[in-house]
Amino acid sequence: MKIAVAASNGKASRAVISELIARGHEVTAFARSENKSAAKNFVQKDIMDLTKDDLAGFDAVVDGFGAYTPETLPLHTKTSQHLADLVAGTKTRLYIVGGAGSLYVDPEHRVQLLDTPEFPAEFYALAKAQTEELAALRSRTDAKWVFVSPAADFRADGAKTGRYILGGEELTLSAAGESIISYADYAFGMADLIESGAHIGERVSLVQA
């Protein structure tokens, strides 16, 4: 498959790129600074400067954008909407590296993780921004998007086990009662999702088994 990864220099993006390359996929990375990923095909270009021509012919696009300062948090929605605009009306699927804060903690889907007393206050603004990003995507039927939430504890340096649980809208726990996943296992699950082509127009979640 031909797969593009936007904002390719982030840690999650680099993990996804390495997994996709290991599986034999043709990956093109896009980033505003010099290439830090394992991709041999690289275009130095800001995510907001990407055009329809840049993404034409790809089977899938992975959006690995991340922002953390108050003034840049709205870019989560702005960038994913821009990418959705570029792939709208095409067969190209868009996979968003999302957040866990928007996951529901009740079967009635009334309470999200970020609104629980236990949620760390320092991550609330980021979680809120990614929750708004998901809400904006849900309104779109013209683009083939998939929002992929990690577990609550998303570990950059965790080991790769090759085992994960595919969840949906609700916070999913492992058999040990934990919500943890390494970047490597998240990338493994993301690659499986891309290869399957399933869950279009849905939010899914990944947790270490």
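1. A cut-off to keep in mind: buried means under 20% relative accessible area, exposed means over 50%, and partly exposed is whatever falls in between. D192 has a relative accessibility of 24%, so D192 counts as partly exposed. Keep in mind too that this is a predicted model.

2. D192 has a charged partner: its side chain meets that of R23 in a salt bridge, at 2.6 Å from N to O. R23 sits in the loop between α1 and β2 while D192 belongs to helix α5, so the pair ties together parts that are 169 residues apart in sequence. R23 is partly exposed as well, with a relative accessible area of 24%.

3. Next, have a look at K160 and E19, whose side chains form a salt bridge at 2.7 Å, N to O. K160 comes from the loop between β7 (153-155) and β8 (164-167), and E19 from helix α1, so this bridge ties together parts 141 residues apart in sequence.

4. The side chains of E169 and R138 make another salt bridge, 2.9 Å from N to O. Here E169 is in the loop between β8 and β9 (180-182) and R138 in helix α4 (residues 124-138), so the parts tied together are 31 residues apart in sequence. R138 is partly exposed, with 39% relative accessibility.

5. How do the charged pairs link up? Through shared partners, salt bridges join E19, R23, K160, D192 and E195 into one network. The count of salt bridges comes to 10.

6. Now the nonpolar side. The largest nonpolar core has 27 residues, and those with the most contacts inside it include L20, V62, Y95, V148, Y186, M190 and I194. Among the elements giving it two or more residues are β1 (2-6), α1 (11-22), β5 (93-97), β6 (144-149) and α5 (183-196). Which element gives the most to this core? That is α5, with 7 residues.

7. Leaving aside neighbours within four places in sequence, Y186 is in contact with I96, V97, G98, V148, S149, P150, F154, I181 and L206. There is also a second, separate core of 22 residues, which includes A6, L50, I96 and W145.

How values were computed: Residues are numbered from 1 along each chain as its sequence is written. This is a predicted model: local features need pLDDT of at least 70, side-chain atom pairs count only at pLDDT 80 or more; totals for chains, interfaces and linings use all residues. Side-chain values use heavy atoms; hydrogens and water are left out. A nonpolar core is a set of buried Ala, Val, Leu, Ile, Met, Phe, Trp, Tyr and Cys residues joined through side-chain atoms within 4.5 Å. Buried means under 20% relative accessible area, exposed over 50%, partly exposed in between (1.4 Å probe, protein chains only). Helices (H or I, at least four residues) and strands (E, at least two) are DSSP runs, numbered from the N terminus. Contact means heavy atoms within 4.5 Å. A salt bridge is a side-chain nitrogen of Lys or Arg within 4 Å of a carboxyl oxygen of Asp or Glu.
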